[in-house]
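Subject: A structure for you to look at

Hello! Here is the structure I promised to pass on to you. Please open it beside this email and follow along as you read.

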Amino acid sequence: MRVYVPLTLTGLAEAHRTGELGTGPFVGYAVTPALREWCRSDDIEELEYAALGRAALASLRLLAADEGAPRRRVVVAVDVSDGATTVDPDRGLDPAALGEVTVTVTVPLAKAAAIHLDADDAERDVSAAARALAAADGGDDDAQSVVDGADDHELLWYATQEIPSLVGQG
């Protein structure tokens, strides 16, 4: 199963330092039955893109909680066995939890398939989106528009060999 794990650049640097993406349990996003139903698609690429988008939003939430992290969303794509994840049946249809899975095992960073990261030119919009997130969650349409502005920036794809340079250690 492909799981998309939301991080920040600070979190990615820590994963690089420890060699572990996370020790279970931690949250990721994947193609779940609820996500399939929400997307109304059987196209696996479209569904995985939706899971990636959900993880990008979760990364934005991590940025909102960590003022010191560089203002770039980070998502690590990793393949884990199906038995390594669980879905909370009580949250399965909650719009805020679409695609959410709990990874129950320790995942070595070496198992990562790719890194998805905002380009430098997204920092201003991502920073504004992180600041507007709480108001958007409260129903403020203008704030939601600011949050949606971060999605105007596609996350770039990086090979795992590029992690040292992404976190400033290469």
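Below is what was found, starting with a few notes on how to read it.

This is a predicted model, in which local features need pLDDT of at least 70 and side-chain atom pairs count only at pLDDT 80 or more, while totals for chains, interfaces and linings use all residues. Residues are numbered from 1 along each chain as its sequence is written, and side-chain values use heavy atoms, with hydrogens and water left out.

**The strands**

Helices (H or I, at least four residues) and strands (E, at least two) are DSSP runs, numbered from the N terminus. Buried means under 20% relative accessible area, exposed means over 50%, and partly exposed is in between (1.4 Å probe, protein chains only).

Which strand does S1 pair with? The partner is S4, residues 74-79, and the two are antiparallel, with 6 bridges. Two strands pair if DSSP finds at least two bridges between them. You can find Val5 opposite Val76 of S4, and Pro6 opposite Val75 of S4. In a regular strand, side chains alternate between the two faces of the sheet.

S4 also has 5 of its 6 residues buried, so S4 too is largely enclosed by the rest of the structure. S4 is joined to strand S8 (residues 112-117) by 5 bridges, again in the antiparallel sense. In that pairing, Val74 has Leu117 of S8 as its bridge partner.

**The largest pocket**

Next, have a look at the largest pocket, which holds about 650 Å³ of space. Its lining has 29 residues, and those closest to the centre are Gly53, Arg54, Ala56, Leu57 and Asp151. Helices H3 (44-65), H4 (123-137) and H5 (141-150) are the elements that give two or more residues to this lining. H3 provides the largest share, with 10 residues.

Some terms for this part: on a 1 Å grid over the protein atoms alone, a pocket is an open set of points where a 1.4 Å probe fits, with protein on both sides within 12 Å along at least five of seven lines, and lining residues have an atom within 4 Å of a point. Grid points are joined across faces, edges and corners, and the volume is the space filled by probe spheres set on the points.

What is the lining made of, by class? There are 16 nonpolar, 4 polar and 9 charged residues. Here Ala, Val, Leu, Ile, Met, Phe, Trp, Tyr, Cys and Pro count as nonpolar, Asp, Glu, Lys and Arg as charged, and the others, Gly among them, as polar.

Ala15 belongs to helix H1, residues 9-18. Is Ala15 buried or exposed? Ala15 counts as buried because its relative accessibility is 3%. Ala15 and Ile163 are 148 residues apart in sequence, and their C-alpha atoms are 9.8 Å apart in space.

Gly19 is in the loop between H1 and strand S2 (20-22). With 34% relative accessibility, Gly19 counts as partly exposed. Along the chain, Gly19 and Leu109 are 90 residues apart, yet 5.3 Å separates their C-alpha atoms.

Arg40 sits in the loop between helix H2 (33-39) and H3. Although Arg40 is not a glycine, its phi is positive, at about 55°. Arg40 is exposed, with a relative accessible area of 77%.

Ser127, in helix H4, counts as buried at 16% relative accessibility. From Ser127 to Ile163 there are 36 residues in sequence and 22 Å in space, C-alpha to C-alpha.

Enjoy exploring!
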